[in-house]
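Thanks for coming, everyone. I'll keep this short. Please have a look at the structure first.

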Amino acid sequence: MGRLKELRKYVDNELNQMEDADKRTSAIVHLYGVSLAATILAKKRGLDEELAAMAAMLHDMHAYKTGSYDDHAHKGADLAREILGELNLTTPEETDIICSAIYHHDDKHTVDSPMDELLKDADVIHHTMNDSSKAVKEKEQARYDALCKELGV
């Protein structure tokens with residue numbers, strides 16, 4: 001089984017333990033949506049598609065497991081490191097790349113490493129394009145505008 005497939009199996013199992021069906025569905029849609037966006041952006045930007053997809057699959061797991069978004073990016077990076085260590089899917093260097101992206105993904109105004117930026121952008125794509133009837137959040141507007149220009153949309 002491929003690494004991404006194995007990670008998705010783990011994530012699916014965790015999400016399926018959520019009791020609230022609506023929250024569970026939203027979590028699944030968001031993680032898989034961000035993962036797809038991350039894969040597309042990685043291909044366009046010449047970054048590792050598999051690592052991008054893996055980071056996206058884990059980026060909000062802490063929030064979904066605890067029900068809290070309080071400092072979820074930083075706590076989520078710690079959780080991702082535990083999960084990746086338990087599953088033994090990545091090298092220490094790959095784990096660092098994934099965890100850095102998760103750690104920084106909520107800070108949409110700061111520019112970090114290319115993979116960090118990719119996860120931020122993939123998150124914004126899903127937030128803004130999953131339901132176009134919702135207004136773009138102020139903290140995501142500049143990034144959304146830059147993405148539209150980059151993608152020619």
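One definition before we start: the expected span of a helix is 1.5 Å times one less than its number of residues. Keep that in mind for helix H8. And a caution: this is a predicted model.

So, helix H8. H8 covers residues 138–151, which is 14 residues. At 1.5 Å a residue, those should span 20 Å, and the end C-alpha atoms are 20 Å apart, so the two agree. Which residues of H8 are buried? Glu-140, Arg-143, Leu-147 and Cys-148. Just after H8 comes Gly-152, with a positive phi of about 70°.

Now to the other end of the chain. Helix H1 runs over residues 3–15. H1 has 13 residues and reaches 18 Å from first C-alpha to last, close to the 18 Å expected. Its buried residues are Leu-4, Leu-7, Tyr-10, Val-11, Glu-14 and Leu-15. Look down the axis of H1: these buried residues fall within an arc of 130°, so they line one face of the helix. Why does that spacing work? An α-helix has 3.6 residues a turn, so residues three or four places apart point the same way. On the other side of H1, Lys-5 and Lys-9 are exposed. What does the buried face pack against? Four helices are on the list: H2 (21–45), H3 (49–58), H4 (61–66) and H5 (72–87).

Let me zoom in on one residue of helix H1, Leu-7. Leu-7 has 0% relative accessibility, so it counts as buried. Leave out residues up to four places away in sequence, and Leu-7 touches Met-54, Met-57, Leu-58, Ile-83, Leu-87 and Leu-89. Take Met-54 from that list. Met-54 is 47 residues from Leu-7 along the chain, yet their C-alpha atoms are separated by 7.2 Å.

That brings us to the core. The largest nonpolar core has 41 residues. Which of them touch the most other members? Leu-7, Val-11, Leu-15, Met-54 and Leu-58. Each of H1, H2, H3, H4, H5, helix H6 (92–104) and H7 supplies at least two residues of this core. H3 gives the largest share, eight residues. Leu-58 deserves a stop. Setting aside neighbours within four places in sequence, Leu-58 is in contact with Leu-7, Val-11, Ala-80, Ile-83, Leu-84 and Ile-102.

Next, H5. H5 has 16 residues and reaches 21 Å end to end by C-alpha, close to the 22 Å expected. Its buried residues are His-72, Ala-73, Gly-76, Ala-77, Leu-79, Ala-80, Ile-83, Leu-84 and Leu-87. They pack against H1, H3, H4 and H6.

Now the loops on either side. Asp-71 lies in the loop between H4 and H5. Asp-71 has a positive phi of about 55°, although it is not a glycine. Asp-71 is partly exposed, with a relative accessible area of 38%. Asn-88 follows H5, in the loop between H5 and H6. Asn-88 is not a glycine either, and its phi is positive, about 55°. At a relative accessible area of 64%, Asn-88 is exposed.

Last stop: the largest pocket. It holds about 670 Å³ of space. It is lined by 30 residues, and the closest to its centre are His-30, Asp-60, Tyr-64, Tyr-69 and His-127. Which helices supply at least two lining residues each? H2, H4, H7 and H8 do. H2 gives the most, with five residues.

To wrap up, two places to look again. In the pocket, start from the residues closest to its centre, including His-30 and His-127. Over to you.

Technical notes:
Residues are numbered from 1 along each chain as its sequence is written. This is a predicted model: local features need pLDDT of at least 70, side-chain atom pairs count only at pLDDT 80 or more; totals for chains, interfaces and linings use all residues. Side-chain values use heavy atoms; hydrogens and water are left out. Buried means under 20% relative accessible area, exposed over 50%, partly exposed in between (1.4 Å probe, protein chains only). The arc is that of the directions from the helix axis to the C-beta atoms. Contact means heavy atoms within 4.5 Å. A nonpolar core is a set of buried Ala, Val, Leu, Ile, Met, Phe, Trp, Tyr and Cys residues joined through side-chain atoms within 4.5 Å. On a 1 Å grid over the protein atoms alone, a cavity is a set of points where a 1.4 Å probe fits but cannot get out, and a pocket is an open set with protein on both sides within 12 Å along at least five of seven lines; lining residues have an atom within 4 Å of a point. Grid points are joined across faces, edges and corners, and a volume is the space filled by probe spheres set on the points.
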